[in-house]
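Good morning. I will talk through one structure today, going from a single residue out to the interface and back. Please look at the sequence and the model first.

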Number of protein chains: 2
Amino acid sequence: MPKIVDHDVRREEVVDAARRVILREGIDAATTRAIAKEAGYSNGVLTHYFADKDDILLSALRSSHRRIVERLRAKLAGLTGLAALRELLLDNLPLDEERARETALEVGFWGRSLTGGTLLEVQREEAAELRHLVRALLDAAERAGEIAPGQDLDDAAERLLALVDGLSLHRLLYPDRLSPETLRRLMTAELDRLGGAS
Amino acid sequence: MPKIVDHDVRREEVVDAARRVILREGIDAATTRAIAKEAGYSNGVLTHYFADKDDILLSALRSSHRRIVERLRAKLAGLTGLAALRELLLDNLPLDEERARETALEVGFWGRSLTGGTLLEVQREEAAELRHLVRALLDAAERAGEIAPGQDLDDAAERLLALVDGLSLHRLLYPDRLSPETLRRLMTAELDRLGGAS
């Protein structure tokens, strides 16, 4: 048992180190060498815990998503329909330091995902889950009579998800232009719009 | 004169090579060595034309933006208000191969910009210009009576710009989910909404 615990702890240390390097210097600077140095291990030690650099990066992405899901689970408890959707979408915005770091990590992965490979596959799987959840909450909202008639809910889901990523990116790149309050106001307005407000 | 022409031609060749490397392998793979190899020059030759790697990447970003601006100038000729805004926003979406490549380049730069430096400054300057143009067209549309009353045009500008980047990113990452037609429909609906359609 102790060995297995050590293994997991060690992996987590390395993943945390990878996350710090990515956030500080960008995903291109997150070489195995740089990650090992940040974690305080030798390059050789890393190969005991990870197959390659992509394995480390994927673990960092997954562990970030896992934290988000856990936080969301707590926030969404007991909520459904538009109320749950509001929590979900606001939680995905970089409204505080923790979520700003999560978003920055995500933005780094977008560019890298576009070159293909496992990272793109994982990105797609996890994005499909999020889209599925948004779509399911829109359905629930519609059944509860919370959605104004005549709206295409597939289009609504894509619009909301595009806004979340677009606003999140712009908050990080142009913080003087988009305050957390602006993000919150724009996102809330979209939910009001679904409910039939102009 | 010939020398100057050569200099510019050479720089353009290197910038084109950088763009190809970024699109094929990601921005982190675009080292000076890789760019030199792609361009068919030695590392040493590159130093005659560029100060450093960031100089090359910035030139690639700026040359991509210059092409976009030239294309836009032609498309916007004679248009104003919502009609011009429609052309501007649709042109910014990856609706064909050329614009998909431009978007992929842009996404790669986002992650790198977040680590700061000149790239972030340039990104901010050019984004501010685009925002200014969108805002000016919204003003013109309002003066022409094309905007339904009671809308905050600053918020509208941020919403449109966030949607453009969010939809563009999602089209590249999740092409099965978002067709060019969907992108066009969602963006057009936003313009109709400004005009007062539900």
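Is B:Glu190 buried or exposed? B:Glu190 is buried, with a relative accessible area of 0%. For these words, buried means under 20% relative accessible area, exposed means over 50%, and partly exposed is in between, with a 1.4 Å probe and protein chains only.

Before going on, some ground rules. This is a predicted model, in which local features need pLDDT of at least 70 and side-chain atom pairs count only at pLDDT 80 or more, while totals for chains, interfaces and linings use all residues. Residues are numbered from 1 along each chain as its sequence is written, chains are lettered from A and ligands numbered from 1 in the order in which they are written, and side-chain values use heavy atoms, leaving out hydrogens and water.

Back to B:Glu190. Its side chain meets that of B:Arg159 in a salt bridge, 3.5 Å from N to O; a salt bridge is a side-chain nitrogen of Lys or Arg within 4 Å of a carboxyl oxygen of Asp or Glu. The pair links distant parts of chain B, 31 residues apart: B:Glu190 is in helix H9 (residues 180-194) and B:Arg159 in helix H8 (residues 153-173). Helices are DSSP runs of H or I with at least four residues, numbered from the N terminus. B:Arg159 is buried too, at 8%.

Another salt bridge joins B:Arg19 and B:Asp16, at 2.6 Å. These two are 3 residues apart in helix H1 of chain B, so about one helical turn separates them. B:Arg19 is buried at 12%, and B:Asp16 is partly exposed at 25%. Over all chains, the search finds 43 salt bridges.

Now the interface. Contact means heavy atoms within 4.5 Å, and 43 residues of chain A are in contact with 42 residues of chain B. The buried area is about 3500 Å², with carbon and sulfur atoms giving 63%; this is the accessible area (1.4 Å probe) that two parts lose on being put together, summed over both. On the chain A side, A:Leu114, A:Leu173 and A:Arg177 lose the most, together 17% of what that side buries.

How many salt bridges lie between chain A and chain B? The count is 6. In one of them, A:Glu158 pairs with B:Arg177 at 2.9 Å. Both belong to a network of salt bridges that also links A:Arg131, A:Arg135, A:Asp139 and A:Asp154.

A:Asp154 is in helix H8 and A:Arg135 in helix H7 of chain A, so the pair ties together parts 19 residues apart in sequence. A:Asp154 is partly exposed at 37%, whereas A:Arg135 is buried at 19%.

Next, A:Asp155, also in helix H8 of chain A. A:Asp155 is buried, at 12%. Its side chain makes a polar contact with the side chain of B:Arg185 at 2.7 Å. A polar contact is a pair of N or O atoms within 3.5 Å; within protein, one must be able to donate a hydrogen and the other to accept it, and residues adjacent in sequence count only if both atoms are side-chain atoms.

A:Asp152 is partly exposed, at 44%.
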